[in-house]
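Hi,

Here is the structure I promised to pass on. Please have a look at it first, and my notes follow below.

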Amino acid sequence: MNLRSYFNGIQRSFDSQDGFLLGGLISLQDQHVLSMDLVNIDVDLMLLNSSRLEPPLDEIVGHHLNALKELQKTPRNVHDAYKQQTGCVQGVVKLLQALKEENWCLPVMYAACLDLRLLAQKCEESGNISKPGEILEKAAEGLMACFRVCTADNRSADEDTKRHGMLNLVNQLFKVYFRINKLHLCKPLIRAIESSVFKDSFPLAEQITYKYFVGRKAMFDSDYKCAEEYLTFAFEMCPKIFTKNKRLILIYLVPVKMLLGYMPKQEILKMYDVLQFYELACALREGNVRKFDDVIAKHEAFFIKFGIYLLVEKLKIIAYRNLFKKVYLIKQTHQLDLQHFVQALEFVGKSDINMDETHCILANLIYEGKIKGYLSYQHNKLVVSKQNPFPSLTVATT
């Protein structure tokens, strides 16, 4: 694409209100970035001599071309490119505000905001920063400026309201906040989407991304039923061709379902190459606490990489529950000597455990409702209910 055809494309797409074409022409992901004609020019002089592009379109295009020039340098200057992209997004905000009764320009906003986030990530990865997360957090301010314009459009649902662009921006902001570990900033965004009349009519791809992130946040908040609901939606609705995405969703969904008492099937774990969870499930079913610890140690890097190490550690209480249930089934009595539990733990390789630690484990199991009974310290026994002393781990979901 030469310079003339590029500017003609910009003007034509703006005049015809073709947001997708215009969005592509100001996107750093588009094919036009390969054109050296767009790099080897004095952008400011070109815009000064060109009376064709009206403000703020000239501002958007100017910052885009300058960002492109910075990225074509050797080595690439991602920091200056990011600064130019910040200006591009500011121009998009002005465009959104100027087109009060129209939303055809939303694809332009999507393209500019995506590039801003990606460039901010590149700046963070370059290591040439004073404080980790600072640039991404600054980029989020640009995304929020667009979000506020969209949410401020109070026209009714059947009109061309800019609120149709809310979820795309929310997903972009989620990706920033998860990366800089500021999940509390997701709360107002979630409230905005959950209360939106478009909640179920946003594009399916955007809904899947949204459910994935909200499910992960619920997981970190220990709201496992909510996490299962949202992550299950994301997994089931994600097309099969996106294997990597389905695998990523499954990495968070499986431990959540295990905490709710659902053990995964080997076939699906094998299909998505996450058999680490099958080894865990085997240890849990057996009540083999030592084997559980060995699996955790073996796949520690995997669990840490995806931020689920602490979540997986919580599954250990299920291993204890299943082991102690075996003691109950063997002894066939409702008054169980605590020494039997110590011996069971020693049998599965926990030779370093003592009576006090066993007391704590049993107390936690009773508190969490995994054992129905009480501890009799006077007689050093666990007294369990005569009816269903070890309730099912499966939690009913609506």
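A word on naming: helices (H or I, at least four residues) and strands (E, at least two) are DSSP runs, numbered from the N terminus. This is a predicted model, in which local features need pLDDT of at least 70 and side-chain atom pairs count only at pLDDT 80 or more, while totals for chains, interfaces and linings use all residues. Residues are numbered from 1 along each chain as its sequence is written, and side-chain values use heavy atoms, with hydrogens and water left out.

On to the cavity. On a 1 Å grid over the protein atoms alone, a cavity is a set of points where a 1.4 Å probe fits but cannot get out, and lining residues have an atom within 4 Å of a point. Grid points are joined across faces, edges and corners, and a volume is the space filled by probe spheres set on the points.

The structure has one cavity of 30 Å³ or more, and the largest cavity holds about 60 Å³ of space. Its lining is made up of Leu167, Ile193, Glu194, Lys199, Asp200, Gln207, Tyr210 and Lys211. Helix 9 (187-194) and helix 10 (204-220) are the elements that give two or more residues to this lining, and helix 10 gives the most, with three.

Helix 10 also contains Ala218. Leaving aside residues up to four places away in sequence, Ala218 touches Asp223, Cys226 and Ala227, where contact means heavy atoms within 4.5 Å.

Best wishes

Methods. 1 Å grid on protein atoms, 1.4 Å probe; cavity = no way out; pocket = protein on both sides within 12 Å on 5 of 7 lines; lining within 4 Å.
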